[in-house]
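Take a look at the sequence and the model, then read on for the main points.

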Amino acid sequence: EIVQKLHESQSEMRKMHNKIQELRGNVRVFARVRPFLPGDCVSDNADPSVLPVGDNELTILEEKGSVNFSFDRVFPPGISQEAVFEEVSEFVQSALDGYNVCLFSYGQTGSGKTHTMQGSGTGNMRGIIPRAIEQVGIYKSNLEDLGWIYDLKVSFLEIYNEKIRDLLREEGSPEGKHDVKVGTDGRRFVSDLRMLPLDPANSKEIDYVMELATKHRSVACTNMNSVSSRSHSVFTLHLTATNAKHKKSLRGTLNLCDLAGSERITRSGVTGNRAKEAMAINQSLSSLTNVFVAIGNKNSHIPFRNSKLTYLLQPSLSGDGKTLMFVNLSPTEESIQESHCSLRLAKQVNKCELGQAKKNIEEVSSTSTQYGSDSSSSRKKVNDNAPISSSKRTLTKTGSTIPRQKTIKKQNKGKLKATRRSSSS
C-alpha cells in the first residue's frame with residue numbers, strides 16, 4: 001500500500017512538473033554572459049558591454065544607447081556550472097518521462113558555448129552533458145524502484161560542412177557515410193551511427209564518451225578563438241523503458257547541441273578551408289534562424305530540409321518535443337554587433353510556440369514487456385495529451401506486413417472467383 005501511494009505521488013509530481021513546463025511555453029530561452037578572459041586583452045577595470053539586470057533581463061551597451069532584452073533566465077558572468085545545470089535539469093526529467101527534449105547552445109565563436117555544454121575535467125567545471133548523464137542515473141534509479149526498466153544508449157555526432165561525422169567512432173577507424181533518414185515507424189535516425197550502451201552511474205564510461213568525442217571534434221585556431229569549434233555537435237541520449245506491472249513502455253530522447261559559432265570572416269581572419277567552414281557554419285545557422293522565424297509566424301511550410309541540423313532536430317522543433325535555447329554572449333566591446341544579432345534571434349525564438357508536446361508512451365501486452373518484444377501488434381500508442389489513436393490492424397506472413405484492408409480485399413476476390421466457377425459449372 002505504501003509503495004502504491006508512493007507510485008501515485010511520484011506520478012502526480014511528474015504530471016505537475018510537465019504541466020508547469022507547458023505553461024511556461026515549449027521554447028524557453030536562457031542567456032549566459034561569460035566573464036572576461038586573458039585572450040580578450042582588456043584591463044582589469046574594463047566594463048562589460050552586456051550587463052545582466054536581475055534574473056530575467058540584460059542590457060547591451062551600444063554607441064546610440066542601451067538596449068534591453070528579457071528572457072526566461074539570465075546568468076551573470078560569475079555563475080557556476082552547477083547553478084546553470086540546476087536550471088535546466090528539469091528538462092532531463094522530461095526525457096525520462098517519454099518526451100523529445102532538445103537543448104542547444106547558440107552564440108558567436110568564443111562566447112562560451114562549448115564550456116556551457118561540455119565543460120572541462122571531471123570536477124566543478126563539468127558542463128551540461130556530463131551532468132545530465134549523472135542526473136539521468138539518479139532519476140533512473142528512483143523510477144526503477146517503481147517497476148520501470150530502462151535501457152540507455154548514447155550517440156555523439158558532428159555536422160561539418162553539411163556532412164555528418166560520428167564522434168564515437170573507434171580510434172583509427174575511417175569515417176563512414178551517414179545521413180538523416182526516417183524509419184518505417186516514422187522515427188528519425190542517422191544511418192550507421194555508433195550507439196554505445198551507457199551506465200550513468202559509471203563515471204569511467206561517461207569520461208570515455210566525452211574524451212572520445214573531444215578527440216574527433218573539428219576545431220581550429222582563429223583570431224577570435226584559439227579552439228574554435230568548426231562544426232555543430234549533437235549528443236543524444238536515447239531512452240527506452242518498460243513497466244510490466246502497468247503494461248506500458250515509453251521512449252524519450254535528450255538532444256544536447258553545441259552549435260558552431262557565427263563569425264564575421266573579416267574579424268576572425270580565416271582563409272582557405274577555414275573560410276569555407278565559416279561560410280557553411282553561417283549558412284547552417286541561417287537555416288536554423290529561418291526555421292524559427294517560420295514557426296514564429298505560424299507558416300504552413302517550415303524549411304526543415306534546408307540543412308542537416310534542422311532536419312535532424314525536426315521532431316524536437318515541430319511540436320513533438322520541448323526545446324530550450326542557451327544564448328551565450330561575450331562581454332567585449334568588439335563583440336557588440338555579434339551579441340546584438342544573437343540576442344535578436346533569441347528574442348525571436350522566445351516568441352515561438354510549438355504547441356503542446358507529446359509523450360511517447362505505449363500500452364503493451366504482458367508478453368511484450370516480459371520478453372522485450374517490439375512487435376507493432378502488441379503495442380498501442382498512448383498520448384496523455386490527446387485521445388488514444390487506434391492503429392491499423394495488420395496480418396503478418398513470412399515476415400512481411402500486409403494491411404488488413406488489402407488482405408480482406410484479396411479474400412473477397414478469391415471468394416468471387418470461386419462463386420463464378422461454381423455457377424459456370
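How much accessible surface does the protein chain have, and what share of it belongs to carbon and sulfur atoms? The surface comes to about 22300 Å², with 50% belonging to carbon and sulfur atoms; such areas come from the Shrake-Rupley method with a 1.4 Å probe, and for residues only the protein chains shown count as cover. Keep in mind that this is a predicted model, where local features need pLDDT of at least 70, side-chain atom pairs count only at pLDDT 80 or more, and totals for chains, interfaces and linings use all residues. Residues are numbered from 1 along each chain as its sequence is written, and side-chain values use heavy atoms, with hydrogens and water left out.

**The whole chain**

- The protein chain has 12 helices and 20 strands; these are DSSP runs numbered from the N terminus, with helices being H or I of at least four residues and strands E of at least two.
- Out of 425 residues, 46% count as buried. Buried means under 20% relative accessible area, exposed means over 50%, and partly exposed is in between (1.4 Å probe, protein chains only).
- Take the contacts (heavy atoms within 4.5 Å) with a separation of 6 or more: 67% of them join residues 24 or more positions apart.

**Helix 2 against helix 4**

- Two packed helices are described by the angle between their axes and the distance between the axes.
- Helix 2 (residues 81-96) and helix 4 (residues 128-144) have axes that come within 9 Å and cross at roughly 50°. Axes here are lines fitted to C-alpha atoms, for helices over the stretch in contact, and angles run from 0 to 180 degrees between N-to-C directions.
- That angle makes helix 2 and helix 4 oblique to each other: under 35 degrees counts as roughly parallel, over 145 as roughly antiparallel, 65 to 115 as roughly perpendicular, and the rest as oblique.
- The crossing of helix 2 and helix 4 is right-handed. A crossing gets that label if the near helix is turned clockwise from the far one by less than a right angle, and left-handed if anticlockwise.
- On the helix 2 side, the residues that meet helix 4 include F85, S89 and V92; on the helix 4 side, Q135 and K140 are among those taking part.
- Q135 sits in helix 4 and is buried, at 18% relative accessible area. Leaving out residues up to four places away in sequence, Q135 touches F85, S89 and V92.
- K140 is also found in helix 4, and counts as buried at 16% relative accessibility. With residues up to four places away in sequence left out, K140 touches L96, Y150, L152 and P200.

**Helix 7 and helix 10**

- Helix 7 (residues 273-296) has 24 residues, so at 1.5 Å a residue it should span 34 Å, and its end C-alpha atoms are 35 Å apart, which agrees. The expected span is 1.5 Å times one less than the number of residues.
- Helix 7 and helix 10 pack at an angle of about 40°, with axes 9 Å apart, so they are oblique to each other. Helix 7 passes helix 10 in a left-handed crossing.
- T289, F292, V293 and G296 in helix 7 meet L345, Q348 and V349 in helix 10.
- The buried residues of helix 10 include L345 and V349.

**Two prolines in one loop**

- P76 is in the loop between strand 5 (73-75) and helix 2, and P77 lies in that loop between strand 5 and helix 2 too.
- P76 is partly exposed at 36% relative accessible area, and P77 is partly exposed at 32%.
- Not counting residues up to four places away in sequence, P76 touches V33 and P52, while P77 touches V33, R34, P35 and P52.
- P77 and S330 are 253 residues apart in sequence, yet 9.6 Å apart in space, C-alpha to C-alpha.

**Positive phi values**

- Most residues other than glycine have a negative phi.
- C41 has a positive phi, near 55°. C41 is found in the loop between strand 1 (27-33) and strand 2 (50-53), and counts as exposed at 69% relative accessibility.
- D192 has a positive phi near 55°. D192 lies in the loop between strand 10 (188-190) and strand 11 (196-197), and is exposed at 65% relative accessibility.
- K298, which follows helix 7, has a positive phi near 55°.
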